Amino acid sequence: MIELRKDYVLNRWVIIAAERKKRPRDFIKPSVAAVQRTCVFCPGNESMTPEEIGRINGPDGKWKIRWFPNLYAAAREEGQKEARTDNTFFTFANAYGSHEVIVETPRHERQLWDFSAAEFKEVLAVYKQRIEQLSQKESVKYAALFKNHGPEGGTSLAHSHTQIMSINIPPPLIEAEVAAYKNYPSCPYCSIITIEKNSFRRCFENNAAVAFTPYASRFNFEIWLFPKRHLRSMSEMTADELAAIADLLQKTLSKLKELNAPYNFVFHYAPDKTNLHFHIELLPRIATWAGFEFNTDIIINSVSPEDAAAFYRGE
C-alpha cells in the first residue's frame, strides 16, 4: 500500500511507498577507497587548521577532542547584523555569526559509529558547551549543530568531525516547530513519545531517553532521539540524561554502520524565550531526492518507518 502521511505537528507530508520491499542489506553502501592526501585534522597537523578554540586531552596528555574555526566559514562576525528590506522584495543581511569544527577523535580511521557510549557522552558534553557559549554572543539567534558523514551526507573530509554554526536569524524550520508547538495545550512531543515508545516504530529506550522512527519519515531509516523529560535544550540535562542520550546514539549509529550509510544528524532545541522539546534527528542519506520532491516539497520514502524500526531492533 502506498500511503500519504503528515508530520506530527508540521504541515509537512511524505509518501510512504514501500511496495517494492528490500531487505536492509540491499541498502548497504559500498565502501569507496579514499584518496590519499594529508589530513589536516590528524595529530601533527594542528598548524594546518585555524587557531584552536579548545580541546580535551587524554591521560597521555595528547588531545582526543579539539575544536577550532572552520577555515571555509559560512558565517563570520562582520558586516550588517540586522536584516533589512529594500524595494519590497529584497531582504538581506550579512551571515553574521561563527562557524566551528569539532574533531571528535585523533584517529583518522575511527568514525562516531565506532565510539562507546562513554565516548559519546564526552562528545555530547562538548556539543553542549559550544552551543551554550555561542548562544550567549550578541546577535546570535541560534547555534545550529550538525554532522555530515559520507559524501552523500555532504562531507568532503573523511576524518570524523561535527560542525556548529551560529547565525543572526532563527532557522525557519525551528520557528515552524515552535509555532506548531503553540497549537497544543501541552507539549505535543511529550505525548508523541508516550505513544511511539509502545508502537511498531519504537527502536530503543532506557531510563531517561527514547528513540523511534517518526511516523512521517522523510529519509530511509530516519530515527529521532528524545529525552523523556521535557527539556528545552541540552543545558537543562542532568549528567544521567546526557548519558542516556549517548547510549541511544551509540546504539543507533552502530546499526547504521551495518549499512555503511551516509547520514546527517541535527539538534533541535528551543531558542531563547520559546518552548520546544529538545531532540536529535538522525537522517540517513541513502535515497536521492528528485523532481517530484523539488516540485512539491513532498518526499517519497521507499522504507516505511515500521520496517526501519524493525531493522534498528534487530528483527
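Visitor: Over which ring does the charged end of Lys255 sit?

Guide: This is a predicted model: local features need pLDDT of at least 70, side-chain atom pairs count only at pLDDT 80 or more, and totals for chains, interfaces and linings use all residues. Residues are numbered from 1 along each chain as its sequence is written, and side-chain values use heavy atoms, without hydrogens or water. A charge sits over a ring if NZ of Lys or CZ of Arg is within 6 Å of the ring centre and within 35 degrees of the ring normal. The charged end of Lys255 is 4.6 Å from the centre of its ring, that of Phe311.

Visitor: With which ring is Phe311 in an edge-to-face pair?

Guide: Rings of Phe, Tyr and Trp (its six-membered ring) pair if their centres lie within 6.5 Å; planes under 30 degrees apart are stacked, over 60 edge-to-face, the rest tilted. Here the centres are 5.2 Å apart and the planes at 65 degrees, so Phe311 pairs edge-to-face with Phe221. The pair links distant parts of the chain, 90 residues apart: Phe311 in helix 6 (residues 305-312), and in the loop between strand 11 (209-212) and strand 12 (223-227), Phe221.

Visitor: Is Phe221 buried or exposed?

Guide: Buried means under 20% relative accessible area, exposed over 50%, partly exposed in between (1.4 Å probe, protein chains only). Phe221 has 2% relative accessibility, so Phe221 counts as buried.

Visitor: How many residues of helix 6 are buried?

Guide: Helices (H or I, at least four residues) and strands (E, at least two) are DSSP runs, numbered from the N terminus. The buried residues of helix 6 are Pro305, Ala308, Ala309, Ala310, Phe311 and Tyr312. Helix 6 is largely enclosed by the rest of the structure, because its buried residues number 6 of the 8.

Visitor: Which residue with positive phi follows helix 6?

Guide: The phi is near 80 degrees. The residue is Gly314.

Visitor: How many aromatic pairs does the whole structure hold, and which kind do Trp113 and Tyr263 form?

Guide: The search finds 19 aromatic pairs. Trp113 and Tyr263 are 6.1 Å apart centre to centre, with 50 degrees between the planes. Trp113 lies in the loop between strand 7 (98-103) and helix 1 (117-135), and Tyr263 in strand 13 (residues 263-268), 150 residues apart. Both are buried, and their pair is tilted.

Visitor: What is the volume of the largest cavity?

Guide: On a 1 Å grid over the protein atoms alone, a cavity is a set of points where a 1.4 Å probe fits but cannot get out; a pocket is an open set with protein on both sides within 12 Å along at least five of seven lines; lining residues have an atom within 4 Å of a point. Grid points join across faces, edges and corners, and a volume is the space filled by probe spheres set on the points. The search finds 1 cavity of 30 Å³ or more. Its lining includes Arg218, Pro284 and Trp289, and its volume is about 50 Å³.

Visitor: Which residues lie closest to the centre of the second largest pocket?

Guide: This pocket holds about 510 Å³ of space. Strand 8 (142-149), helix 2 (172-181), strand 13 and strand 14 (279-284) each supply at least two lining residues. Of the 21 lining residues, the closest to the centre are Leu173, Arg218, Val266, His268 and Leu283.

Note on methods
Contact means heavy atoms within 4.5 Å.
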